[in-house]
Amino acid sequence: MTHPLTFSRRALHAGLAAILLSAASGVPALAQDSAPSAKLSKEQQEKIFPERKALLLEDLKERRRILETSERCVNGARKSDGLRDCLKTQRKAEMTLRQKERDGMRRIFERNGINAPVGGPGGKGKGQGKAKGQSQGQQVN
């Protein structure tokens with residue numbers, strides 16, 4: 001007979017499954033910061049592949065660590081305030097990881113001489129404008 005999963009464990013398992021599924025389906029978190037494949041030539045795609053793959057694998061390890069830490073916190077929570085603190089800590093860790101992903105992709109593009117997109121899809125980042133003297137067709141990181 002199998003042990004029934006608690007709600008928090010089911011939620012954690014569902015979250016981990018969603019992360020792994022998103023990783024397998026093109027990594028939306030990283031895709032936001034990488035140029036869309038239509039904008040990268042085949043040569044550019046091949047050139048950045050090893051570094052991008054390494055960044056993704058490191059990201060997955062860190063996401064697992066965040067989820068495991070969050071699970072321990074949720075299991076130890078005795079009141080709703082404790083649960084709220086767990087969620088707040090998890091969100092902060094995830095935001096930090098997303099920034100690390102963006103920085104990592106920017107460095108990969110820079111090392112390979114590729115202009116990195118600014119902000120999210122379409123270059124519409126929060127408060128990020130064009131650099132002085134930059135032509136409309138160029139992007140900066």
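Is C86 buried or exposed? With a relative accessible area of 2%, C86 is buried (buried means under 20% relative accessible area, exposed over 50%, and partly exposed in between, with a 1.4 Å probe and protein chains only). The model is predicted, so local features need pLDDT of at least 70 and side-chain atom pairs count only at pLDDT 80 or more, while totals for chains, interfaces and linings use all residues. Residues are numbered from 1 along each chain as its sequence is written, and side-chain values use heavy atoms, leaving out hydrogens and water.

A disulfide (a pair of cysteine sulfur atoms within 2.5 Å) joins C86 to C73, with an S to S distance of 2.0 Å. The structure holds one disulfide. Because C73 lies in helix α3 and C86 in helix α4, the pair ties together parts that are 13 residues apart in sequence. (Helices are DSSP runs of H or I with at least four residues, strands are runs of E with at least two, and both are numbered from the N terminus.) The angle about the S-S bond is -85°, making the link left-handed. C73, at a relative accessible area of 32%, is partly exposed.

α3 has 35 residues and reaches 49 Å from its first C-alpha to its last, close to the 51 Å expected at 1.5 Å a residue (the expected span is 1.5 Å times one less than the number of residues). At F49, α3 bends by about 50°, and a proline, P50, follows within four residues; the bend is the angle between axes fitted to the seven residues ending there and the seven starting there. The 32 residues of α4 should span 46 Å, and its end C-alpha atoms are 47 Å apart, which agrees.

The largest nonpolar core has eight residues: L40, I48, L55, M105, I108, F109, I114 and A116. Such a core is a set of buried Ala, Val, Leu, Ile, Met, Phe, Trp, Tyr and Cys residues joined through side-chain atoms within 4.5 Å. Two or more of its residues come from each of α3 (42–76) and α4 (80–111), and α4 gives the largest share, three residues.

Just after α4, G113 takes a positive phi of about 70°. N112, in the segment after α4, counts as buried at 13% relative accessibility. Its side chain makes a polar contact with that of E51 at 3.0 Å (a pair of N or O atoms within 3.5 Å; within protein, one must be able to donate a hydrogen and the other to accept it, and residues adjacent in sequence count only if both atoms are side-chain atoms).
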